[in-house]
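Colleague: Hi! Could you walk me through this model while I have it open?
Modeller: Happy to, ask away.

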Amino acid sequence: MRTFSKSKLLALRQCPKRLWLEVHRPDLREYSSETDSRVQAGFQVGEIARRIYDREGQGVLVDVQADGFDRAFERTAELLRTRQPIFEAGFSAGGVLTFADILLPEQTGAELVWHMIEVKSSTSVKGYHYDDLAVQALVVKAAGIPLASIALAHIDSSWIYPGNNDYHGLLKENDLTAETLSRTDEANEWIIQAQNIIAQPIEPDIETGSQCFLPFECSYNYCNRNEPKPEYPIVWLPRFSSAKVEKLAAQGIDDLRNVPDELLNDQQLKVKTHTLTNTVYFDAAGAGAGAGSDLAAYPLPAYFLDFETIQFAVPVWKGTRPYQQIVFQFSLHRLDISGQLEHTEFLDLSGNDPSGTFAQSLIAACGGQGPVFVYNAGFEMARIRELAERFPSLSQSLLAINDRIVDLLQVVRKRYYHPSQQGSWSIKKVLPAVVPELRYVGWCAGWRHGDGCFSGRHSSGYLTGTQNPNRTAASGLLQAGYLRHGAFVASVFWSY
């Protein structure tokens, strides 16, 4: 009988075919940068959790990477005879091996029992967490460990970091003892099912579907290699409900060419028409600055603003929250009445919280009048409101900028469509259509021009001071911001 890790059983819960591939064809696995980021966040939160639950420093970490599985299980058995907190305690029983994030000793009369806590980097209890705990508890109890209670601790996104490495309050603990123990028989069935699945000589015949993306995107793109792909997928229709997609799929319709026009609103019909005819829709008169047009009410001088942000599961700067979008860079172009264009930029790589200096520089750069164009106003306006809340002395000036913001996304969505957008008006789809010289590189979330590729998500070390910002990195971040934003500004010139 094969011994499964907990992750293998959770793979089964997502899709039996995924489990088979994990065991027999791991070479086909393709990890995404989002998966790597999620794993790294989990490691970081786990480390902080050990500090939170072991204030006196009496706990012991079982290091399976250093000691190997056999020694980790032996070490766990030794520690269970003590009254110390145990982190990453290892267990193998019932055909499954697993490691418990936290075990805290509790004395019940003469008996030593344990409070088990699984730590997650999410901001709430998710449905798949119940499967996770069910497997964990099954193995730990099968190993003969008396569990007094079972909990899941996740990040409290409303918590504000007080600074000085004080992370008490970061995690919110949820008692899930009853829910977990009620699923023991169910978890046993998963083990039997898993054994049957991997015993098959060929992979299960399962079509791709919603399970490929829930609860996480599957790492095996291999599964759709032989599936027929429509030339013009229905998913390119903007805001076309999944229920409608499924209904059409049941009728064998998966291509735009076969979607009845009467099912579509004006915007969806526009996408269908110009996609199938490979033509560009551009209402220049409606978008421009002429009388009655979208931009007629916004005289020069005009400003064009773009932010770059970063977020941390575990806050690093005082006064910030978990996963809060922290602004650290902006690019601002000013177009004056004579047609002259000036550029101002901000980038803070000091390692200190950039928010305050960002806010001051933004106020100075934006002047006192004139429209401030952004693309997708909800994002920039939310960041400015957050800055206003954090820095009351700057609040009036910051909120005054918000009052001047004009959302170019609404104009572009109404007046422009290129077939290459594939039904999306996201900036990474629109700008390459308008300015083909620039192309968006999804894997680095930055803009590539020549050989340079930089982004905030890949620059956390520079921002927090854990990695020295060299000249290439700094210039790369500034160049990426300038090119991305320069293309955004260029996209407005056809309308002004």
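Colleague: How many disulfides does the count come to?
Modeller: Zero, taking a disulfide as a pair of cysteine sulfur atoms within 2.5 Å. Keep in mind that this is a predicted model, where local features need pLDDT of at least 70, side-chain atom pairs count only at pLDDT 80 or more, and totals for chains, interfaces and linings use all residues. Residues are numbered from 1 along each chain as its sequence is written, and side-chain values use heavy atoms, with hydrogens and water left out.

Colleague: Is Cys-218 buried or exposed?
Modeller: Cys-218 counts as buried because its relative accessibility is 16%. The cut-offs are under 20% relative accessible area for buried, over 50% for exposed and partly exposed in between, with a 1.4 Å probe and protein chains only. Cys-15, at 12%, is buried as well.

Colleague: New topic: which residues have the most contacts inside the largest nonpolar core?
Modeller: Leu-19, Ile-86, Phe-91, Leu-103, Trp-114, Met-116 and Leu-147, in a core of 47 residues. Such a core joins buried Ala, Val, Leu, Ile, Met, Phe, Trp, Tyr and Cys residues through side-chain atoms within 4.5 Å. Helix 5 (residues 127-142) gives the most to this core, seven residues. Helices (H or I, at least four residues) and strands (E, at least two) are DSSP runs, numbered from the N terminus.

Colleague: What is Ile-86 in contact with?
Modeller: Leaving aside neighbours within four places in sequence, its contacts (heavy atoms within 4.5 Å) include Val-60, Leu-79, Asp-101, Leu-103 and Trp-114. There is also a second, separate core of 22 residues, with Leu-332, Cys-366, Ala-377 and Ile-405 among them.

Colleague: Okay, and Ile-337, buried or exposed?
Modeller: Exposed, because its relative accessibility is 74%.

Colleague: Where does Ile-337 lie?
Modeller: In the loop between strand 10 (326-335) and strand 11 (341-347).

Colleague: How far is Ile-337 from Ala-302?
Modeller: They are 35 residues apart in sequence, and their C-alpha atoms are 8.5 Å apart in space.
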